[in-house]
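Please read it alongside the sequence and the model.

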Amino acid sequence: MPSIEELLRKSISELRDLFLERSRAVPKGLLEALEVDTRQGAHQLARRIRHRYRSNRSEGQRLHTLLRFEIDLWARGYSLVAGVDEAGMAPLAGPVVAGAVILPENYKLRGLNDSKKILDHEMRDELAAQIKQDAVCWSYGFAEVEEIDRINIYHAGLLAMQRAVQALTCLPDFVLVDARKIPQCPAPQRGIIRGDALSASIAAASIIAKTTRDAHMLEMDQLYQGYGFASHKGYPTPEHCRALKELGALPIHRRSFGRVREVLGLDPVQTELFDKGSEEAAEALAAPAH
């Protein structure tokens, strides 16, 4: 790294490129030197670098908090902690998909969060690619439309989670799940309400599930043109509901969902599909898109 004197001989635009655009480490003393530098833009550059410091520190604290469940389990000897989550409970079409991820210990990925909070699909895809590269192992599981209609959306979500865990190439020591208990889970497990926003492993699994399902629905858009699956991914948006009414139901539409049944001239809801207390399954029929 050049000395402070050598760095100060560079232009402000060169320093901005080094320490903001390229995020190089700022040597001790440079900020103080910029704050007394008489050149135009030097003070602003110092303020922006300090702001970046604060943002990085805040993000580091957030990511550490996101690991609190994993840190506790690692301390108790559970080395391989899997997070599991699903995507696609509310759509009118397509499968429900679950992701399962075992992260390295103390793993921190900037931007990692519940997939529903990451609105930029390119950022989700980038995070998914990084998670796949860094994870100890990862996998996904599908529950198909026919299974959703046969056993209901709630149990189909559990089935997809079960398949995702079974597809992991290494057996987890412990499983963290978003608000559920996975049937026939091969390891101890804990369901965490809003786990995709509270656990790094579950958040990573939610990103794998969401991006895998979105990619599948892009394929369905090519297969079934005119329904807009590339944009709404099967969720009950006005665009999708309009296409459903005008063009009719496809094989990938869920016959157990009220809006699809209405188009087919069937009773609005097959109430026999829902176990007593399975409120989440019923709510999924009318949940908004995201």
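## Confidence in the model

pLDDT is the predictor's confidence in each residue, on a scale from 0 to 100. The protein chain averages a pLDDT of 91, and 92% of the residues score at least 70. Over residues 276–290 the pLDDT stays under 50, and for this stretch the model has 27 contacts beyond four places in sequence, a contact being heavy atoms within 4.5 Å.

This is a predicted model, in which local features need pLDDT of at least 70 and side-chain atom pairs count only at pLDDT 80 or more, whereas totals for chains, interfaces and linings use all residues. Residues are numbered from 1 along each chain as its sequence is written, and side-chain values use heavy atoms, with hydrogens and water left out.

## Overall form

The protein chain holds 14 helices and five strands, where helices (H or I, at least four residues) and strands (E, at least two) are DSSP runs numbered from the N terminus. The radius of gyration of the protein chain, taken over C-alpha atoms, is 24 Å, well over the 19 Å that the globule rule gives for 290 residues, so the chain is more spread out than a compact globule; that rule is 2.2 Å times the number of residues to the power 0.38. Along its principal axes, the C-alpha trace spans about 80 × 50 × 30 Å.

Of the 290 residues, 51% are buried, which is to say under 20% relative accessible area, with exposed meaning over 50% and partly exposed in between (1.4 Å probe, protein chains only). The protein chain exposes about 14400 Å², and carbon and sulfur atoms supply 50% of that area, as given by the Shrake-Rupley method with a 1.4 Å probe, where for residues only the protein chains shown count as cover. Among contacts between residues at least 6 apart in sequence, 63% join residues at least 24 apart.

## The five-stranded sheet

Five strands form an open sheet in the order β3-β2-β1-β4-β5, with mixed pairing; two strands pair if DSSP finds at least two bridges between them. β3 (137–143) and β5 (189–192) stand at the edges with a single partner strand each, so one side of each has no neighbour in the sheet. Neighbouring strands are turned by 20° against each other on average, direction ignored.

Strand β1 (residues 81–87) pairs with β4 (residues 174–178) in the parallel sense over four bridges, and with β2 in the antiparallel sense over six bridges. Gly83 stands opposite Leu176 in β4 and opposite Val101 in β2, while Val81 has Phe174 of β4 as a bridge partner. Further along, β2 and β3 pair in the antiparallel sense over seven bridges, and Ala100 has Ser139 in β3 as its bridge partner.

## Burial and covering helices

In a regular strand the side chains alternate between the two faces of the sheet. In β1, Val81, Gly83, Asp85 and Ala87 point one way and Ala82, Val84 and Glu86 the other way, and all are buried. Seven of the seven residues of β2 are also buried, so this strand is largely enclosed by the rest of the structure.

Helix α5 (residues 68–75) lies across β1, β4 and β5, running at about 165° to β4. Helix α8 (residues 153–166) lies across β1, β2 (96–102), β3 and β4, and runs at about 150° to β3. For these angles, axes are lines fitted to C-alpha atoms, for helices over the stretch in contact, and values run from 0 to 180 degrees between N-to-C directions.
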